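Please examine the model shown below before reading on.

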Amino acid sequence: LLVFFNLRDNNGCTILHIAADRSNIELLSYLLSLFDAHAELAAGKGEWIDQPDDQGSTAMHYAAFRGCL
């Protein structure tokens, strides 16, 4: 699972960035639930969620911009 969260597209976006950018609340909820279900992810939860893309935006920025918060 750790490798999955480290994957990035050409703009430096993670799966969290992409889900937030597409306003996919169901996928965001599922991905965030994985952090609580897996100890290796839970230990670095904030670190994974706060990773910026190449422009310095986090998944939270994308979610806020799209009105998902």
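Which residues line the largest pocket? The lining is formed by Leu16, Ala20, Ile25, Leu28, Ser29, Leu32, Ile49, Ala59, Met60, Ala63, Cys68 and Leu69. The model is predicted, so local features need pLDDT of at least 70 and side-chain atom pairs count only at pLDDT 80 or more, whereas totals for chains, interfaces and linings use all residues. Residues are numbered from 1 along each chain as its sequence is written, and side-chain values use heavy atoms, with hydrogens and water left out.

**Overall architecture**

The chain has six helices and zero strands (DSSP runs, numbered from the N terminus: helices are H or I of at least four residues, strands E of at least two). Of its 69 residues, 32% count as buried (under 20% relative accessible area, with a 1.4 Å probe and protein chains only). Among contacts with a separation of 6 or more, 55% join residues 24 or more positions apart; a contact means heavy atoms within 4.5 Å.

**The largest pocket**

The largest pocket has a volume of about 190 Å³. On a 1 Å grid over the protein atoms alone, a pocket is an open set of points with protein on both sides within 12 Å along at least five of seven lines, and lining residues have an atom within 4 Å of a point. The volume is the space filled by probe spheres set on the points. H3 (25–37) supplies the largest share of the lining, four residues, while helix H2 (15–21), H3 and H6 each supply at least two.

| Class of lining residue | Count |
|---|---|
| Nonpolar (Ala, Val, Leu, Ile, Met, Phe, Trp, Tyr, Cys, Pro) | eleven residues |
| Polar (the others, Gly among them) | one residue |

**The nonpolar core**

The largest nonpolar core has 14 residues, and those with the most contacts inside it are Phe5, Leu16, Ala20, Leu28, Leu31 and Phe35. H2, H3, H5 and H6 each supply at least two residues of this core, and H3 gives the most, with four. Such a core is a set of buried Ala, Val, Leu, Ile, Met, Phe, Trp, Tyr and Cys residues joined through side-chain atoms within 4.5 Å.

**Thr58**

Thr58 lies in the loop between helix H5 (45–49) and helix H6 (59–65). Thr58 counts as buried because its relative accessibility is 12%. Not counting residues up to four places away in sequence, Thr58 touches His17, Ile49, Asp50, Gln51 and Pro52.

Note on methods
Buried means under 20% relative accessible area, exposed over 50%, partly exposed in between (1.4 Å probe, protein chains only). On a 1 Å grid over the protein atoms alone, a cavity is a set of points where a 1.4 Å probe fits but cannot get out, and a pocket is an open set with protein on both sides within 12 Å along at least five of seven lines; lining residues have an atom within 4 Å of a point.
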